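Here are a few exercises to work through with the model open beside you. Try each task before reading its solution.

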Amino acid sequence: LFVLWPSFNGVLATAGLFQMRAIINTLLSLCGSVIVTFVFSRLRTFYPNHNKWRYQIEHVQNTTLAGGVVMGVVAHLDIHPAVAIGMGALAGFIAIIGFLYLSPFLEKFLRIEDVCGVHNLHGMPGVLGSIFAVFTIAHLSHLGDDPALGHGDDFFEHG
């Protein structure tokens, strides 16, 4: 999924520059989420029996993909590479916090079990990406740069 996620985000973008942006922004965002996942999983998961800090495989399997989810709406837009990495890192962080704290809370108090981590991997990063999209599109619209939004005149003519 890590390798194919950029194509998921880029397939619906206009061919050419916008697909390239979608692929690059998604890859950068995935890298941001991977870094945060490995750092926070290691810092938070201590096994007293072995007296070692270890990675928790549930975090690695799921939260590394949060960067791809957060870029789903804005991948084709003209955003700075640091913003893509930062959004991926933030998505990875909230996903790992969800696995560590929110899932146990939901199980204990609301008796809701998310056995596949759908809420933490797709739900919270998806909402974050949607909120980010609102601000990004508002900012790009304010600049008056319609091609940066990913739809030129050809989109409306063939629509």
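**Exercise 1. Find which residues Asn25 touches, leaving out those up to four places away in sequence.**

Solution. Start with the contacts, where contact means heavy atoms within 4.5 Å. Asn25 touches Met71, Val74, Ala75, Leu77, Ile79 and Ala84. Then look at polar atoms: a polar atom of the Asn25 side chain lies 3.2 Å from the backbone oxygen of Leu77. Finally, check burial, which means under 20% relative accessible area, with exposed over 50% and partly exposed in between (1.4 Å probe, protein chains only). Asn25 counts as buried because its relative accessibility is 5%.

Before going on, note that this is a predicted model, in which local features need pLDDT of at least 70 and side-chain atom pairs count only at pLDDT 80 or more, while totals for chains, interfaces and linings use all residues. Residues are numbered from 1 along each chain as its sequence is written, and side-chain values use heavy atoms, leaving out hydrogens and water.

**Exercise 2. Decide whether Thr63 is buried or exposed, and find the side chain with which its own side chain makes a polar contact.**

Solution. Thr63 belongs to helix 3 (residues 57-63). Thr63 counts as buried because its relative accessibility is 0%. A polar contact is a pair of N or O atoms within 3.5 Å; within protein, one must be able to donate a hydrogen and the other to accept it, and residues adjacent in sequence count only if both atoms are side-chain atoms. The partner is the side chain of Thr37, at 2.9 Å. Setting aside neighbours within four places in sequence, the contacts of Thr63 include Ser33, Gly92, Ala95 and Phe99.

**Exercise 3. Describe helix 5: where does it bend, and which of its residues are buried?**

Solution. Helix 5 covers residues 81-110 and bends by about 45° at Gly98; the bend at a residue is the angle between axes fitted to the seven residues ending there and the seven starting there. Gly98 is itself among the buried residues of the helix, as are Ala84, Gly92, Ala95 and Phe99. After the helix comes Arg111, with a positive phi near 55°.

**Exercise 4. Count the aromatic pairs and characterise the one formed by Phe40 and Phe93.**

Solution. Rings of Phe, Tyr and Trp (its six-membered ring) pair if their centres lie within 6.5 Å; planes under 30 degrees apart count as stacked, over 60 as edge-to-face and the rest as tilted. This rule gives 3 aromatic pairs. Phe40 and Phe93 are edge-to-face, with 5.0 Å between centres and 65° between planes. The pair links distant parts of the chain, 53 residues apart: Phe40 sits in helix 2 (residues 17-44) and Phe93 in helix 5. Phe40 counts as partly exposed because its relative accessibility is 32%, and Phe93, at 31%, is partly exposed too.

**Exercise 5. Where is confidence lowest, and where is it highest?**

Solution. pLDDT is the predictor's confidence in each residue, from 0 to 100. The protein averages 83, and 84% of the residues score at least 70. Confidence is lowest in helix 7 (residues 153-158), with a mean of 41, and highest in helix 4 (residues 66-70), at 94. Over residues 150-159 the pLDDT is below 50, and this stretch has 7 contacts in the model beyond near neighbours in sequence.

How values were computed. Helices (H or I, at least four residues) and strands (E, at least two) are DSSP runs, numbered from the N terminus.
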